[in-house]
Amino acid sequence: MKFEKRTAVVTGGAGEIGKALCRKLCEHGVAVALTDLSAERAEDAASAVRCDGGRIQAYEMNVESSVSVHSAAERILADFGQVDILINNAGVWRQSPFEEMSEEKWTRTLNLNLTGTFRVTQAFLKPMIEHGYGRIINLGSIAGEVGLPGYCDYAAAKAGVIMMTKTLAMEMAKKNITVNCVSPGMVGPVRRETKGTWIGRSGSGEEIADLIVFLASDDSSFITGVDYTIDGGRILGPRFCDF
């Protein structure tokens, strides 16, 4: 995959997918700004990649706060000069039956997962437009495609991220900026056997990162507005053992 002197921002970079993603981008020669809610976690994750020779810096960023997002964006742009790739990976989900869900929890989940993606994208989009190049990859979820019982707020937020992706892709199409979405299914720190996917196992952060890295590369210039499901076939329907 080709990367022509690119710089990337990865939100939620200290998480399972984020760490794998930052490492793979650095392996391709991309300079990475790793952001996370916790400055300590961000630095720990960046240090691990830096030890292997990657050019990476850590930044504290709370995607729920416009002040925090714009403060971090200003520092990143000052340090790197330009951001070519933005990966909106930060997000959280917590189970809560709809009838027990408070308005506060509903609002916070949408604020973090959907409006947070909006905030970060706005902070870096204008510099991309001025530079005439950009790759934006948002993290959706299969919950945003088919729903997930007990996670109505999260499913609604991720459905919004998917539609935001498609609409922004239309707006940016003639500005040399592509916008795509990756929607993972069952992902964990280790692969494990499960009857929840047709492939018969869960996925790993490394596998999700591989797809994102391709979409972030120069090679993906004719792909925009697409939501990529990566879930081992989970949303295809019930898995029948005697099929």
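The legends below describe close-up views of a predicted model. Residues are numbered from 1 along each chain as its sequence is written, and side-chain values use heavy atoms, with hydrogens and water left out. Because the model is predicted, local features need pLDDT of at least 70 and side-chain atom pairs count only at pLDDT 80 or more, whereas totals for chains, interfaces and linings use all residues.

**View 1**

**View 2. The aromatic pair of W93 and Y154.** The two rings form a tilted pair, with 5.4 Å from centre to centre and 40° between the planes; rings of Phe, Tyr and Trp (its six-membered ring) pair if their centres lie within 6.5 Å, and planes under 30 degrees apart count as stacked, over 60 as edge-to-face and the rest as tilted. W93 lies in the loop between strand 4 (85-88) and helix 4 and Y154 in helix 6, so the pair ties together parts that are 61 residues apart in sequence. Ring pairs also link W93, Y151 and Y154 into a cluster.

**View 3. R6 and the ring of Y133.** The charged end of R6 sits over the Y133 ring, 3.6 Å from the ring centre, where the rule asks for NZ of Lys or CZ of Arg within 6 Å of the ring centre and within 35 degrees of the ring normal.

Terms used:
Helix = DSSP H or I, 4+ residues; strand = E, 2+ residues; numbered from the N terminus.
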